[in-house]
Amino acid sequence: MIEHSLSLCYHNKLILAPMVRVGTLPMRLLALDYGADIVYCEELIDLKMLQCKRVVNEVLSTVDFVAPDDRVVFRTCKREQSRVVFQMGGMGAALLSDPDKIEKILSTLVKGTRRPVTCKIRILPSLEDTLSLVKRIERTGIAAVAVHGRKREERPQHPVSCEAIRAIAETLSIPVIANGGSHDHIQEYLDIEDFRQATAASSVMVARAAMWNPSIFLKEGLRPLEEVMQKYIRYAVQYENHYTNTKYCLCQMLREQLESPQGRLLHAAQSSQEICEAFGLGAFYEEMTQELNARRAEFLARTPEAAGEPAEDTSGIIKMAVKFDRRAYSPQITPKMCLLEWCRREKLAQPVYDTVQRPLDRLFCSVVTVAEQKYQSTLWDKSKKLAEQAAAIVCLRSRGLPEGRLGEESPSLHKRKREAPDQDPGGPRAQESAVPGKLCKKPFVALGSGEESPLEGW
């Protein structure tokens, strides 16, 4: 596991460990609030990160790393600028059996970047082999090594080997970061220092204990879980964290309380708004949503095309930056069905879709022709069906027609659906039930056009 660090010192630090799905922006900010010195991002596969472009999101005041299909792969903010570590993964503990490859990767990274490089390992079956490996790792010139004191096949229920971490710390001259002490050793702030002394490490990296309650980093002691969760939710709404990730992190905090009334409300929540309502933050959600919409409107007023306003280019195609999100639409009702129904009512020819695939990233874009006018979304999609749905949305919106979103259902469309069951349902998710309440996914606003490497000047 390779980390691409900023210019950080690894002595006497409290570190939030890299945790997949948990290490997103709201959790990192919460850990910093409570006293963490360094926070690791969630694992990023190196190829995926290299394909991203860095864009400034003025609406959220963040810097986003955006994939070719317009997904936000990683999001950070200025407050983290000197305290977050980019974690490049994808190899896992299996790489421990190939020390030559480890040495080659680390040496290449150290020589090829101006940033400090660190790595995180598990211990090998024998202490002798472990010490031999870490010596080779040290010779590559990395800034620090984090050691999870368990073997590759061991799980959290197995005891962590403080002795192995201590032996490594006493062998190396670079900082050693101890990891793996949650639950057995670390249950409150004072335990962190005890674990550091037991391992003779320079710093301590906390994973599960921080996931359960990020205030583990607070010198004054743990804060009530309800308070911590409410603070986490506020960050999640403020930075438009996806509700599924927010829900996952909150479930990890609740743990044995998942069967409580509040836990059941959380389990049933299907949107950020419903999560907020489950924790008494409904008014905050409405207030923050209005504020974000106002910021978005202010920005989009300066860039009408990004706002999804129809804009005819020289080719005569009306374009908008839109995507099709199945969750925002009524059950088995899609924009393509709505457009087909409208064309039949108006006695027009059926819509004609012309879809192309981009060879570079294999994404799709579709142009739909209706009444001799062409419509297209400027955002590329991962499938032909999604691209066609987006093109249909552009046509419907530009004409001011219903597109099948929740609350827009048409009785005639239901009837037509029964008469024409062979119509495209809009992809594999079409059979899913509708999400209760309003769920309107806001389009991502990408700002800036710099082509620099995603890790430069973030």
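Alanine 200 is partly exposed, at 32% relative accessible area. Partly exposed lies between buried (under 20% relative accessible area) and exposed (over 50%), with a 1.4 Å probe and protein chains only. Alanine 200 sits in the loop between helix 6 (189-199) and strand 12 (203-206). Its phi is near 60°, a positive value in a residue other than glycine. Most residues other than glycine have a negative phi.

Arginine 21 is a second case: its phi is positive too, near 75°. Arginine 21 belongs to the loop between strand 2 (14-16) and helix 1. With a relative accessible area of 42%, arginine 21 is partly exposed.

## Model and overall make-up

This is a predicted model, in which local features need pLDDT of at least 70 and side-chain atom pairs count only at pLDDT 80 or more, while totals for chains, interfaces and linings use all residues. Residues are numbered from 1 along each chain as its sequence is written, and side-chain values use heavy atoms, with hydrogens and water left out.

The protein has 15 helices and 17 strands. These are DSSP runs numbered from the N terminus: helices are H or I with at least four residues, strands are E with at least two. Of the 458 residues, 51% count as buried. Take contacts (heavy atoms within 4.5 Å) between residues at least 6 apart in sequence: 69% join residues at least 24 apart.

## A buried isoleucine

Isoleucine 216 lies in the loop between helix 7 (208-212) and helix 8 (225-238). Its relative accessibility is 1%, so isoleucine 216 counts as buried. Leaving aside neighbours within four places in sequence, its contacts include Ile186, Gln187, Tyr189, Val206 and Leu222. Glu188 is also among them. The C-alpha atoms of isoleucine 216 and glutamate 188 are 5.6 Å apart, though 28 residues separate the two along the chain.

Three strands form an open sheet in the order 5-6-7, with antiparallel pairing. Strand 5 (53-57) and strand 7 (72-76) are the edge strands, each pairing on one side only. Twist averages 25° from one strand to the next. Two strands pair if DSSP finds at least two bridges between them. Strand 6 (residues 62-66) and strand 7 have four bridges. In one of these strands, strand 7, valine 72 is the bridge partner of valine 66.

Helix 1 (residues 25-33) lies across strand 6 and strand 7, at about 20° to strand 7. Axes are lines fitted to C-alpha atoms, for helices over the stretch in contact, and angles run from 0 to 180 degrees between N-to-C directions.

## Two helix pairs

Helix 9 (residues 243-254) and helix 10 (residues 261-268) pack at about 160°, with axes 10 Å apart. Helix 9 is therefore roughly antiparallel to helix 10. Angles under 35 degrees count as roughly parallel, over 145 as roughly antiparallel, 65 to 115 as roughly perpendicular and the rest as oblique.

The axes of helix 13 (residues 335-345) and helix 14 (residues 384-398) come within 8 Å and cross at roughly 50°. This pair is therefore oblique. The contact involves Pro335, Lys336, Cys338 and Leu339 of helix 13. Helix 14 supplies Glu388, Gln389, Ala392, Ile393, Cys395 and Leu396. By class, that contact has seven nonpolar, one polar and two charged residues. Ala, Val, Leu, Ile, Met, Phe, Trp, Tyr, Cys and Pro count as nonpolar, Asp, Glu, Lys and Arg as charged, and the others, Gly among them, as polar.
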